[in-house]
Amino acid sequence: AARSELAMFALREFRDGRPLLGAVMLLPVFEHGVRVKFCSANACPSYGIAQCGEYYSTLDGFGQRSKHQLLLGPLVEGRPNALLDTLGPGLVYFLSDLFLQDASPAVRA
């Protein structure tokens, strides 16, 4: 319920002429949705749960890419990341440009 409430509040911000605030509010909702798809596509539900002492799977891996699973990374436990096929190359490239590339806007960071 909390994510849907946040999404609705964010959409109201868009409607009320505050698109930047709305976009920032939608980022955690969007990342959660990608994480759910990642876990489903790769049959690895443990990556969808924050665990004490473990790094959480994220879109960007800002400052800690080598320490945890990237949702858009090419491999998951040594196997190809099935989410990338699910999303298709166009969306993967777009999301990579937004969140991962060194010269990107690094939206989440």
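Here are some notes on this predicted model, point by point.

1. Overall layout. The chain has 4 helices and 2 strands, and reading from the N terminus the order is α-α-β-β-α-α. So much for the outline; the burial figures come next. Of the 109 residues, 32% count as buried. As for contacts between residues at least 6 apart in sequence, 39% of them join residues at least 24 apart.

2. The nonpolar core. Which residues have the most contacts inside the largest nonpolar core? They are Val-34, Phe-38, Leu-59, Leu-71, Leu-72, Phe-99 and Leu-100, in a core of 15 residues. The elements giving two or more residues to this core are H2, helix H3 (82–87) and helix H4 (89–99). As background, nonpolar side chains in soluble globular proteins tend to be buried together.

3. Val-92, Leu-95, Ser-96 and Phe-99 are the buried residues of H4. They sit on the same side of the helix because they cover an arc of only 105° around the axis. Turn to the other side of H4 and you find Gly-90 and Tyr-93, which are exposed. What do the buried residues of H4 pack against? Their partners are H2 and H3.

4. The aromatic pair. The count of aromatic pairs comes to 1. Phe-38 and Tyr-47 make up this pair, in an edge-to-face arrangement with 5.9 Å centre to centre and 70° between the planes. The angle is what settles the label, because planes over 60 degrees apart count as edge-to-face. Phe-38 is buried, at a relative accessible area of 0%, and Phe-38 is also among the residues with the most contacts inside the largest nonpolar core.

5. Salt bridges around Arg-18. The structure holds 4 salt bridges. A network of them links Glu-13, Arg-15, Asp-16 and Arg-18. Within this group, the side chains of Glu-13 and Arg-18 meet at 2.5 Å, N to O, while those of Arg-18 and Asp-16 meet at 3.8 Å, N to O. With a cut-off of 4 Å, both pairs therefore qualify as salt bridges. Is Glu-13 buried or exposed? Glu-13 is buried, with a relative accessible area of 6%. Arg-18 is partly exposed at 39% relative accessibility, and Asp-16 is partly exposed with a relative accessible area of 39%.

6. Glu-31 and Arg-35 form another salt bridge, at 3.9 Å, N to O. Both residues belong to helix H2 (residues 19–42), and because they are 4 residues apart there, about one helical turn separates them. How accessible are the two partners? Glu-31 counts as buried at 7% relative accessibility, and Arg-35 counts as buried at 5%. Both values are under 20%, which is why the two residues get that label.

7. What surrounds Arg-35. Beyond residues up to four places away in sequence, Arg-35 of helix H2 touches Tyr-47, Gly-48, Tyr-56, Ser-57, Thr-58 and Leu-71. Two of these names have come up already: Tyr-47 pairs with Phe-38, and Leu-71 is among the residues with the most contacts inside the largest nonpolar core.

8. Glu-77 between the strands. Where is Glu-77? Glu-77 is in the loop between strand S1 (75–76) and strand S2 (79–80). This residue counts as exposed at 55% relative accessibility. Setting aside neighbours within four places in sequence, Glu-77 is in contact with Tyr-47 and Gln-69. Tyr-47 is therefore worth a look from several angles, since heavy atoms within 4.5 Å make a contact: Glu-77 is in contact with Tyr-47, and Arg-35 touches Tyr-47 too. Finally, Glu-77 and Asn-42 are 35 residues apart in sequence but 9.7 Å apart in space, C-alpha to C-alpha.

Key. Residues numbered from 1 in each chain as written. Predicted model: local features only at pLDDT ≥ 70, side-chain atom pairs only at ≥ 80, totals over all residues. Heavy atoms only, no water. Buried < 20%, exposed > 50% of the residue type's maximum accessible area, 1.4 Å probe, protein only. Phe/Tyr/Trp six-rings, centres within 6.5 Å; stacked < 30°, edge-to-face > 60°. Core = buried A, V, L, I, M, F, W, Y, C linked by side-chain atoms within 4.5 Å. Arc of directions from axis to C-beta.
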